[in-house]
Amino acid sequence: MRLAPALVALSLVACASGPVPTAPAAPPPAAKTAVPSVQAPPPLKELALGEAAVRISGPASELTAACKDAVVRAHTGLDALKALPAPRDTVTTLSWYDDATAVINDLDFQAELARQSSPNAEMRKAGEDCDREIQALTTAIYQDRAVYDALSSLDLTGQDASTAWWMKRDLREFRRAGVDRDDATREKVRALNDEVVAIGQEFDRNILKGTRRVTFTPAELAGLPADFRKAHAPGPDGLVTLTTDYPDYHPFMAYARSSKAREKFSRAYNTRASPENIEVLSRLLAKRWELATTLGYTSWADYVTENKMIGTGRAASEFIERITAASTERSAKELARVLARERKDIPSTKQVLSWDYGYYSDRVKIEQYRFDAKAARPYFEFDRVLQGVLDVSGRLFDLSYRPVTGATVWDKEVQVYDVIAGSSFGDRAGQTLGRIYVDLHPRENKFKHAAQYGVISGQAGHRLPESALLCNLPRSGELMEYDDVRTLFHEFGHLVHHILGGNTRWAANSGVRNEWDFVEAPSQMLEEWMRDPGVLQTFAREAKTGKPIPTKMVKQLRAADEFGKGVDVRQQMFLAATSLHFHDRDPAKIELTPYFADIQSRYSLFPYVPGTTFYTAFGHLNGYSAVYYTYMWSKVIAKDLFTAFKSAGMFDPATAQRYRKDILEPGGGKPAAELVADFLGRPYDFRAYEAWLREGDSPVRNAPRGGPSAAARTVR
Ligand SMILES: [Zn+2]
């Protein structure tokens, strides 16, 4: 996830990621003739459903042409806005502005999707070029004093709250770009922003290049599944070479029996991009500090949290302390159980070390919770699971998904559905609300993780929202993992948010345009439906017999899933503290490695290992800078939102409709805290999250000892 100004906000929502932008569609050449006498934007030639997907499908020359048109349209709109005679008519001015920004935001959506999904190299290149052009224009708009003056002089009396909130938010982004400063300061801010981007890219590149190779004797691979050992045969020297990339590192740390071998691998992993990124990160922190203080903020942490729900660096720090404290007791209990298990193998062990935790917590799950991911897979055939998520979200939000055949898409495996409103939508019942594209299987040159992308931002009375999912799941007839099912539900949460939030007055408020630290709440919420045994059994059925997944198995999956969550939360807060505290003080006064060691000693359950520099390959220090806390913050809210369904029932129609109307349909038209308060009837709080932290901390009763061996588990 990149950090971008809010105007062209983030164009995808991945797990733990940021908000998405919005925009109206591109009206073509007629607009270029706009003159000051024009009092409102000329009617847009709205894209019909599916036309954006045609653009994403190529050829590249058409995407490039559309991108250029959008840039022209945006300039035309901004020129017209500036030329309106003062005092400017509020609605006319806002319409021009919304139109100008919307057209480039939508193009950026499409460019980003082409870049991440197109099987065609020219299309990916066209997407990249368009993205860069729009980013540059965005920066220029936010530094345009005349646009700022026009917007800030508007009389908003009589406008609705969503309009006022949009202007409040957006005018702040102009100020954060230095628009109201003298020329020299504005230029300095622009230059610093460019430097921050360039140094951030250098940091990322070093991580990509920083993969280390480590050699092991075949005996050191003892404990790893047969397919892993087969895929990693010894070389001519008799040694096995592994890399610190995830597919080698994660299974090794979970399964390899030799603590010494795990230690060796862990030390290599935790010195990736070291020492080179020590210097790069120092420069990055220094430039961020300079940028923030030039604009009058006390720190980068204060600058970057200002437009989030959390508001200040201090509040972020308090949040981290609070969650750390809340997870202390549970994590200590879990760690004690892992230590007891380790002592069975090595009686002299005094403390669980970081490279031993993964291995021994897995032993606890397997031996004490009978965790058996493999046994669950026959219940998760892809087609059934996809139908399951459509049925569950359809029932919950009163939607149906109508398959669209023959639509032009960028790859033959992309499935297309129109989203149809149910009877609870009043006037809109039976109408098409938008279109979704599900592109769920891996292929060459496609995005490697899971994320939701905008295609079109909807706007009431203008155009319908469209959105896409890019995932890397098994294909029809193949079996999914429990975690894959969770991923699909999570991403569908973002997808539905984009569609249901896509009928706002202004495109600028459409869809997932909330504060960054809120956007993961609706997607984390939807995960609760796949955790529920009753809901899971409606679609998780054995392919041949149609038998639903046994309740006992669902409970075991959940219980095993829950073990270690206290430790995970503590570790997440250690990372969040690293992210924040690297940015809330003058970096000139910090020596990074000793400072990091100090943070680790205060927040982590595992002692710092001298000589290691985990932070040199902590990629989120670029993309998230100080705000790694956001994912956990969203989770606190998700757990609170879910309390309403917990008491009323998973599919209670009244609760589900309120959720839809209060949380999803307003899009970004209100501060997230207000959305939540509207739904809950009170401000959000931590009680549900803290209760979740306490839940499920004992093994399944009467579970026989033993259970499947590690080798029986799938390695991914
Ligand atoms: Zn997400």
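Reader: Why is Asp398 called partly exposed?

Author: In this predicted model, where local features need pLDDT of at least 70, side-chain atom pairs count only at pLDDT 80 or more and totals for chains, interfaces and linings use all residues, Asp398 has 17 other C-beta atoms within 10 Å. A residue is buried if 20 or more other C-beta atoms, placed from the backbone, lie within 10 Å of its own, exposed if 12 or fewer, and partly exposed in between, so with 17 Asp398 is partly exposed. Residues are numbered from 1 along each chain as its sequence is written.

Reader: Where does Asp398 lie, and what is its phi?

Author: Asp398 lies in the loop between helix H16 (382-397) and strand E4 (399-403), where helices (H or I, at least four residues) and strands (E, at least two) are DSSP runs numbered from the N terminus. Although Asp398 is not a glycine, its phi is positive, about 60°.

Reader: What makes Asn445 count as exposed?

Author: Asn445 has 12 C-beta neighbours inside 10 Å, and therefore counts as exposed. Its place is in the loop between strand E6 (432-439) and strand E7 (451-456), and its phi, near 65°, is again a positive value in a residue other than glycine.

Reader: Why is Tyr401 called buried, and which residues does Tyr401 touch?

Author: Tyr401, found in strand E4, is buried because 20 other C-beta atoms lie within 10 Å. Not counting residues up to four places away in sequence, Tyr401 touches Leu390, Gly394, Tyr417 and Val419, a contact being a pair of residues whose C-beta atoms, placed from the backbone, lie within 7 Å. The C-alpha atoms of Tyr401 and Gly434, which are 33 residues apart along the chain, are separated by 9.9 Å.

Reader: What makes Tyr629 count as buried?

Author: Tyr629 has 26 C-beta neighbours inside 10 Å and so counts as buried, although its place is in the loop between helix H23 (620-623) and helix H24 (630-648). With residues up to four places away in sequence left out, Tyr629 touches Ala316, Phe319, Ile320, Ala576 and Leu580. Between the C-alpha atoms of Tyr629 and Gln572, 57 residues apart along the chain, the separation is 8.0 Å.

Reader: How do you know that the length of helix H2 is close to the expected one?

Author: Helix H2 (residues 60-83) has 24 residues and reaches 35 Å from its first C-alpha to its last. The expected span of a helix is 1.5 Å times one less than its number of residues, and for H2 the expected value is 34 Å, to which the span in the model is close. Among the buried residues of H2 are Leu63, Ala66, Cys67, Ala70 and Arg73, and what covers the buried residues includes helix H1 (51-56), helix H3 (90-117), helix H4 (121-142) and helix H5 (145-152). In the loop between H1 and H2 stands Pro59, and the peptide bond from Gly58 to Pro59 is cis, with omega near 0°.

Reader: What is the handedness of the crossing of H9 with H10, and of H21 with H22?

Author: The crossing of H9 with H10 is left-handed, whereas H21 passes H22 in a right-handed crossing; a crossing is left-handed if the near helix is turned anticlockwise from the far one by less than a right angle, and right-handed if clockwise. The axes of H9 (residues 246-255) and H10 (residues 259-269) come within 10 Å and cross at roughly 145°, while those of H21 (residues 565-581) and H22 (residues 592-603) are 9 Å apart, at an angle of about 145°. These axes are lines fitted to C-alpha atoms over the stretch in contact, and angles run from 0 to 180 degrees between N-to-C directions.

Reader: How do you know how much confidence the predictor has in the protein?

Author: The pLDDT, the predictor's confidence in each residue from 0 to 100, has a mean of 90 over the protein, and 91% of its residues reach 70 or more. Over residues 16-38, however, pLDDT stays under 50, and for these the model has 90 contacts beyond four places in sequence. Residues 699-716 also have pLDDT below 50, with 37 contacts in the model beyond near neighbours in sequence.

Definitions and conventions. Two residues are in contact if their C-beta atoms, placed from the backbone, lie within 7 Å.
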